[in-house]
Amino acid sequence: DDNADMRAYIRSILAEEFRIIEAENGRKGLALAASELPDLVLADVMMPGMNGMTLTRKLRDTPDTATIPVILVTARADTASEVKGLADGASDYITKPFEPDVLQMRVHGVMQWMQRLKRRLRAAPQATHAPSDTEADSMSPDAAPAPDDAMSEFEREARAIVRDNLTEPGFDVDDLATAMAVSRSTLYRRARTHDTLSPAALVRDVRMSTAHTLLKANEGTVTEVAYAVGYESLSSFSDQFRSHFGYPPSQVSTPTSA
(Lines give C-alpha, C1' and ligand atoms only; values in the text may rest on other atoms or scores of the structure.)
Protein backbone atom coordinates (compact mmCIF):
# COMPACT_ATOMS: atom_id res chain seq x y z
CA ASP A 1 0.00 0.00 0.00
CA ASP A 2 1.37 3.45 -0.88
CA ASN A 3 -0.37 4.94 2.17
CA ALA A 4 1.93 4.75 5.21
CA ASP A 5 -0.95 5.22 7.63
CA MET A 6 -2.84 2.29 6.11
CA ARG A 7 0.26 0.09 6.33
CA ALA A 8 0.66 1.06 9.97
CA TYR A 9 -3.02 0.29 10.65
CA ILE A 10 -2.79 -3.16 9.07
CA ARG A 11 0.47 -3.85 10.88
CA SER A 12 -1.14 -2.95 14.22
CA ILE A 13 -3.88 -5.52 13.56
CA LEU A 14 -1.75 -8.42 12.36
CA ALA A 15 1.73 -7.98 13.84
CA GLU A 16 1.01 -10.06 16.95
CA GLU A 17 0.32 -13.16 14.85
CA PHE A 18 2.39 -12.64 11.72
CA ARG A 19 5.77 -11.35 10.58
CA ILE A 20 4.94 -8.34 8.44
CA ILE A 21 6.95 -7.27 5.36
CA GLU A 22 5.95 -3.92 3.86
CA ALA A 23 6.19 -2.40 0.38
CA GLU A 24 4.97 1.02 -0.66
CA ASN A 25 4.12 0.08 -4.24
CA GLY A 26 3.29 -2.88 -6.44
CA ARG A 27 6.72 -3.25 -8.04
CA LYS A 28 8.49 -3.48 -4.70
CA GLY A 29 5.76 -5.79 -3.44
CA LEU A 30 6.27 -8.13 -6.39
CA ALA A 31 10.03 -8.21 -5.83
CA LEU A 32 9.59 -8.91 -2.12
CA ALA A 33 7.05 -11.64 -2.80
CA ALA A 34 9.50 -13.36 -5.17
CA SER A 35 12.40 -13.17 -2.72
CA GLU A 36 10.61 -13.73 0.61
CA LEU A 37 7.78 -16.06 -0.51
CA PRO A 38 5.26 -14.81 2.08
CA ASP A 39 2.33 -16.94 3.20
CA LEU A 40 -0.13 -14.18 2.24
CA VAL A 41 -0.12 -10.90 0.28
CA LEU A 42 -2.35 -7.95 1.17
CA ALA A 43 -2.38 -5.47 -1.70
CA ASP A 44 -4.15 -2.16 -2.28
CA VAL A 45 -5.85 -2.02 -5.67
CA MET A 46 -4.80 1.58 -6.38
CA MET A 47 -1.01 1.96 -6.21
CA PRO A 48 1.49 3.93 -8.32
CA GLY A 49 3.63 2.05 -10.83
CA MET A 50 1.79 -1.25 -10.53
CA ASN A 51 -1.70 -1.61 -9.13
CA GLY A 52 -2.94 -4.47 -7.02
CA MET A 53 -4.68 -6.27 -9.87
CA THR A 54 -1.56 -6.25 -12.04
CA LEU A 55 0.46 -7.43 -9.06
CA THR A 56 -1.98 -10.30 -8.55
CA ARG A 57 -1.75 -11.35 -12.20
CA LYS A 58 2.04 -11.29 -12.14
CA LEU A 59 2.13 -13.37 -8.97
CA ARG A 60 -0.22 -15.89 -10.59
CA ASP A 61 1.88 -16.02 -13.78
CA THR A 62 5.06 -16.93 -11.88
CA PRO A 63 5.31 -20.60 -10.77
CA ASP A 64 7.11 -19.85 -7.50
CA THR A 65 4.47 -17.36 -6.35
CA ALA A 66 1.41 -18.74 -8.15
CA THR A 67 -0.19 -20.25 -5.04
CA ILE A 68 0.50 -17.38 -2.63
CA PRO A 69 -2.97 -16.11 -1.64
CA VAL A 70 -3.75 -12.45 -2.29
CA ILE A 71 -6.32 -10.32 -0.51
CA LEU A 72 -7.06 -7.12 -2.41
CA VAL A 73 -7.89 -3.98 -0.43
CA THR A 74 -9.82 -1.16 -2.10
CA ALA A 75 -11.95 1.89 -1.46
CA ARG A 76 -14.15 0.96 -4.42
CA ALA A 77 -17.12 -1.13 -3.35
CA ASP A 78 -18.73 -1.74 -6.74
CA THR A 79 -19.37 -5.32 -7.82
CA ALA A 80 -17.56 -4.95 -11.15
CA SER A 81 -14.28 -4.08 -9.41
CA GLU A 82 -14.63 -7.00 -7.02
CA VAL A 83 -15.37 -9.42 -9.86
CA LYS A 84 -12.36 -8.12 -11.79
CA GLY A 85 -10.06 -8.62 -8.80
CA LEU A 86 -11.28 -12.16 -8.21
CA ALA A 87 -10.96 -12.93 -11.92
CA ASP A 88 -7.32 -11.81 -11.78
CA GLY A 89 -6.66 -14.45 -9.15
CA ALA A 90 -7.31 -12.72 -5.82
CA SER A 91 -8.33 -15.05 -3.01
CA ASP A 92 -10.51 -12.46 -1.30
CA TYR A 93 -11.51 -8.81 -1.43
CA ILE A 94 -11.93 -6.31 1.40
CA THR A 95 -13.32 -2.78 1.16
CA LYS A 96 -11.99 0.25 3.04
CA PRO A 97 -12.69 1.31 5.68
CA PHE A 98 -12.73 -1.99 7.55
CA GLU A 99 -12.79 -3.01 11.21
CA PRO A 100 -9.84 -4.96 12.67
CA ASP A 101 -11.90 -8.09 13.29
CA VAL A 102 -13.07 -8.11 9.66
CA LEU A 103 -9.47 -8.10 8.41
CA GLN A 104 -8.50 -10.80 10.89
CA MET A 105 -11.47 -12.93 9.82
CA ARG A 106 -10.56 -12.61 6.13
CA VAL A 107 -6.90 -13.41 6.75
CA HIS A 108 -7.72 -16.46 8.90
CA GLY A 109 -10.22 -17.65 6.30
CA VAL A 110 -7.60 -17.55 3.56
CA MET A 111 -5.00 -19.24 5.79
CA GLN A 112 -7.44 -22.05 6.56
CA TRP A 113 -7.92 -22.52 2.83
CA MET A 114 -4.14 -22.77 2.48
CA GLN A 115 -4.05 -25.47 5.14
CA ARG A 116 -6.45 -27.54 3.04
CA LEU A 117 -4.26 -26.94 -0.01
CA LYS A 118 -1.19 -28.14 1.90
CA ARG A 119 -2.93 -31.38 2.81
CA ARG A 120 -3.81 -31.99 -0.82
CA LEU A 121 -0.26 -31.25 -1.98
CA ARG A 122 1.21 -33.59 0.59
CA ALA A 123 -1.03 -36.33 -0.78
CA ALA A 124 0.20 -35.69 -4.33
CA PRO A 125 2.74 -38.06 -5.97
CA GLN A 126 5.72 -35.71 -5.56
CA ALA A 127 5.10 -35.54 -1.83
CA THR A 128 6.21 -39.14 -1.39
CA HIS A 129 9.31 -38.77 -3.55
CA ALA A 130 12.64 -38.93 -1.74
CA PRO A 131 16.05 -38.89 -3.42
CA SER A 132 17.47 -42.30 -4.10
CA ASP A 133 21.17 -42.98 -3.76
CA THR A 134 21.56 -42.49 -7.52
CA GLU A 135 19.73 -39.18 -7.43
CA ALA A 136 21.80 -38.01 -4.50
CA ASP A 137 24.99 -38.76 -6.45
CA SER A 138 23.73 -36.63 -9.35
CA MET A 139 22.91 -33.64 -7.16
CA SER A 140 25.13 -30.59 -6.98
CA PRO A 141 27.97 -30.92 -4.42
CA ASP A 142 26.42 -28.42 -2.03
CA ALA A 143 23.08 -30.24 -2.07
CA ALA A 144 24.12 -33.88 -1.75
CA PRO A 145 24.67 -35.68 1.53
CA ALA A 146 27.66 -37.95 1.95
CA PRO A 147 27.73 -40.93 -0.46
CA ASP A 148 25.90 -43.92 0.96
CA ASP A 149 29.02 -46.06 1.25
CA ALA A 150 30.67 -43.33 3.35
CA MET A 151 27.80 -43.26 5.85
CA SER A 152 27.62 -45.27 9.02
CA GLU A 153 24.76 -47.70 9.46
CA PHE A 154 23.41 -45.29 12.08
CA GLU A 155 23.26 -42.39 9.62
CA ARG A 156 21.74 -44.50 6.84
CA GLU A 157 19.01 -45.70 9.19
CA ALA A 158 18.33 -42.19 10.53
CA ARG A 159 18.11 -40.67 7.05
CA ALA A 160 15.79 -43.44 5.86
CA ILE A 161 13.44 -42.83 8.81
CA VAL A 162 13.36 -39.08 8.14
CA ARG A 163 12.60 -39.68 4.45
CA ASP A 164 9.76 -42.02 5.42
CA ASN A 165 8.24 -39.21 7.52
CA LEU A 166 9.19 -36.35 5.23
CA THR A 167 5.70 -34.96 4.70
CA GLU A 168 4.98 -34.74 8.44
CA PRO A 169 5.56 -31.13 9.57
CA GLY A 170 5.84 -32.13 13.21
CA PHE A 171 8.43 -34.86 12.74
CA ASP A 172 11.39 -33.84 14.89
CA VAL A 173 14.34 -35.19 16.88
CA ASP A 174 12.09 -36.74 19.54
CA ASP A 175 10.17 -38.63 16.85
CA LEU A 176 13.42 -39.78 15.27
CA ALA A 177 14.66 -41.05 18.63
CA THR A 178 11.39 -42.92 19.19
CA ALA A 179 11.58 -44.49 15.72
CA MET A 180 15.15 -45.65 16.43
CA ALA A 181 14.12 -46.98 19.86
CA VAL A 182 16.56 -44.83 21.81
CA SER A 183 16.32 -41.81 24.07
CA ARG A 184 16.96 -38.30 22.79
CA SER A 185 20.27 -38.09 24.68
CA THR A 186 21.36 -41.48 23.32
CA LEU A 187 20.51 -40.35 19.81
CA TYR A 188 22.76 -37.31 20.15
CA ARG A 189 25.51 -39.43 21.72
CA ARG A 190 25.38 -41.93 18.85
CA ALA A 191 25.56 -39.10 16.34
CA ARG A 192 28.74 -37.83 18.00
CA THR A 193 30.17 -41.34 18.17
CA HIS A 194 29.60 -41.84 14.43
CA ASP A 195 30.92 -38.34 13.64
CA THR A 196 27.80 -37.32 11.77
CA LEU A 197 25.47 -34.33 11.84
CA SER A 198 23.52 -33.68 14.99
CA PRO A 199 20.04 -35.23 14.84
CA ALA A 200 18.38 -31.82 14.38
CA ALA A 201 20.79 -30.90 11.58
CA LEU A 202 20.31 -34.33 9.98
CA VAL A 203 16.51 -33.92 9.86
CA ARG A 204 16.93 -30.48 8.31
CA ASP A 205 19.55 -31.75 5.84
CA VAL A 206 17.27 -34.54 4.59
CA ARG A 207 14.43 -32.07 4.07
CA MET A 208 16.67 -29.58 2.27
CA SER A 209 18.42 -32.19 0.11
CA THR A 210 15.09 -33.70 -0.92
CA ALA A 211 13.71 -30.24 -1.71
CA HIS A 212 16.75 -29.46 -3.86
CA THR A 213 16.34 -32.74 -5.76
CA LEU A 214 12.64 -32.11 -6.41
CA LEU A 215 13.25 -28.56 -7.59
CA LYS A 216 16.17 -29.54 -9.83
CA ALA A 217 14.07 -32.31 -11.37
CA ASN A 218 11.22 -29.82 -11.89
CA GLU A 219 8.86 -32.07 -9.93
CA GLY A 220 6.91 -29.18 -8.43
CA THR A 221 6.81 -25.47 -7.80
CA VAL A 222 8.61 -24.00 -4.80
CA THR A 223 5.28 -23.96 -2.97
CA GLU A 224 4.52 -27.60 -3.75
CA VAL A 225 8.01 -28.73 -2.79
CA ALA A 226 7.96 -26.78 0.48
CA TYR A 227 4.78 -28.51 1.58
CA ALA A 228 5.98 -31.86 0.23
CA VAL A 229 9.04 -31.82 2.51
CA GLY A 230 7.04 -30.91 5.59
CA TYR A 231 7.11 -27.13 5.89
CA GLU A 232 3.98 -25.36 7.08
CA SER A 233 5.24 -21.92 6.10
CA LEU A 234 6.53 -21.02 2.66
CA SER A 235 8.61 -18.18 4.07
CA SER A 236 10.23 -20.46 6.66
CA PHE A 237 11.11 -22.94 3.93
CA SER A 238 12.63 -20.18 1.81
CA ASP A 239 14.66 -18.84 4.75
CA GLN A 240 16.04 -22.27 5.68
CA PHE A 241 16.77 -23.17 2.06
CA ARG A 242 18.71 -19.94 1.58
CA SER A 243 20.60 -20.52 4.84
CA HIS A 244 21.39 -24.13 3.86
CA PHE A 245 22.51 -23.58 0.27
CA GLY A 246 23.36 -19.88 0.09
CA TYR A 247 20.71 -19.06 -2.52
CA PRO A 248 16.88 -19.06 -2.60
CA PRO A 249 14.86 -22.03 -3.89
CA SER A 250 13.75 -19.99 -6.89
CA GLN A 251 17.34 -20.05 -8.18
CA VAL A 252 17.62 -23.84 -8.44
CA SER A 253 18.18 -24.52 -12.13
CA THR A 254 16.52 -27.43 -13.87
CA PRO A 255 18.47 -29.55 -16.36
CA THR A 256 18.14 -28.46 -19.99
CA SER A 257 17.51 -31.00 -22.70
CA ALA A 258 20.13 -31.46 -25.40
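**Entry 1. The β-α-β unit**

I started with β1, α3 and β2, which make a right-handed β-α-β unit. The model is a predicted one. Strand β1 covers residues 41–44 and runs parallel to β2, with four bridges joining the two.

How many of the five residues of strand β2 are buried? I found five of the five, across residues 70–74, so the strand is largely enclosed by the rest of the structure. I then sorted them by side. V70, L72 and T74 lie on one side, I71 and V73 on the other, and both faces are covered.

**Entry 2. Helix α2 and its ends**

I moved to helix α2, residues 26–36, and noted G26, G29 and A33 as buried. Where do they sit around the axis? They cover an arc of only 55 degrees, which puts them on the same side of α2. I checked what they face: the buried residues of α2 pack against α3, residues 52–61. That is the α3 of the right-handed unit in my opening entry.

I looked at both ends of α2. At the N-terminal end, N25 is the cap, with a side-chain oxygen 3.1 Å from the backbone nitrogen of R27. After the helix comes L37, with a positive phi.

I followed up on L37. Its phi is near 50 degrees, a positive value in a residue other than glycine. I place L37 in the loop between α2 and β1. Is L37 buried or exposed? L37 counts as buried because its relative accessibility is 2%.

D195 has a positive phi too, near 55 degrees, and is likewise a residue other than glycine. D195 sits in the loop between α9 (184–193) and α10 (199–216). Its relative accessible area is 71%, so I logged D195 as exposed.

I then turned to peptide bonds. K96 and P97 are joined by a cis peptide bond, with omega about -10 degrees. P97 lies in the loop between β3 and α5.

**Entry 3. Aromatic pairs**

I counted six aromatic pairs in the structure. Y9 and F98 form one that is tilted, at 5.7 Å centre to centre and 35 degrees between the planes. This pair links distant parts of the chain, 89 residues apart. Y9 is in helix α1 (residues 4–14), and F98 is in the loop between β3 (92–95) and α5 (100–122). That loop also holds P97.

Y9 counts as partly exposed at 31% relative accessibility. F98 counts as buried at 7%.

Which class does the pair F241 and Y247 fall into? Their ring centres are 6.2 Å apart and the planes stand at 65 degrees, so I logged the pair as edge-to-face. F241 is buried, with a relative accessible area of 0%.

I looked up E155, which is in helix α7, residues 153–164. E155 counts as buried, because its relative accessibility is 9%. What does E155 touch, leaving aside its neighbours within four places in sequence? I found contacts with T196 and L202.

I also looked up G109, which is found in helix α5. G109 is partly exposed, with a relative accessible area of 33%. I took one distance from there: G109 and S91 are 9.9 Å apart, C-alpha to C-alpha, and 18 residues apart in sequence.

**Entry 4. Whole chain**

The protein chain has twelve helices and three strands. Buried residues make up 45% of its 258 residues. I also noted the range of contacts: of those with a separation of 6 or more, 59% are between residues 24 or more positions apart.

Technical notes
Residues are numbered from 1 along each chain as its sequence is written. This is a predicted model: local features need pLDDT of at least 70, side-chain atom pairs count only at pLDDT 80 or more; totals for chains, interfaces and linings use all residues. Side-chain values use heavy atoms; hydrogens and water are left out. Rings of Phe, Tyr and Trp (its six-membered ring) pair if their centres lie within 6.5 Å; planes under 30 degrees apart count as stacked, over 60 as edge-to-face and the rest as tilted. Buried means under 20% relative accessible area, exposed over 50%, partly exposed in between (1.4 Å probe, protein chains only). Contact means heavy atoms within 4.5 Å. The arc is that of the directions from the helix axis to the C-beta atoms. A polar contact is a pair of N or O atoms within 3.5 Å; within protein, one must be able to donate a hydrogen and the other to accept it, and residues adjacent in sequence count only if both atoms are side-chain atoms. Two strands pair if DSSP finds at least two bridges between them. A crossover is right-handed if, with the strands pointing away from the viewer, the path from the first strand over the helix to the second runs clockwise.
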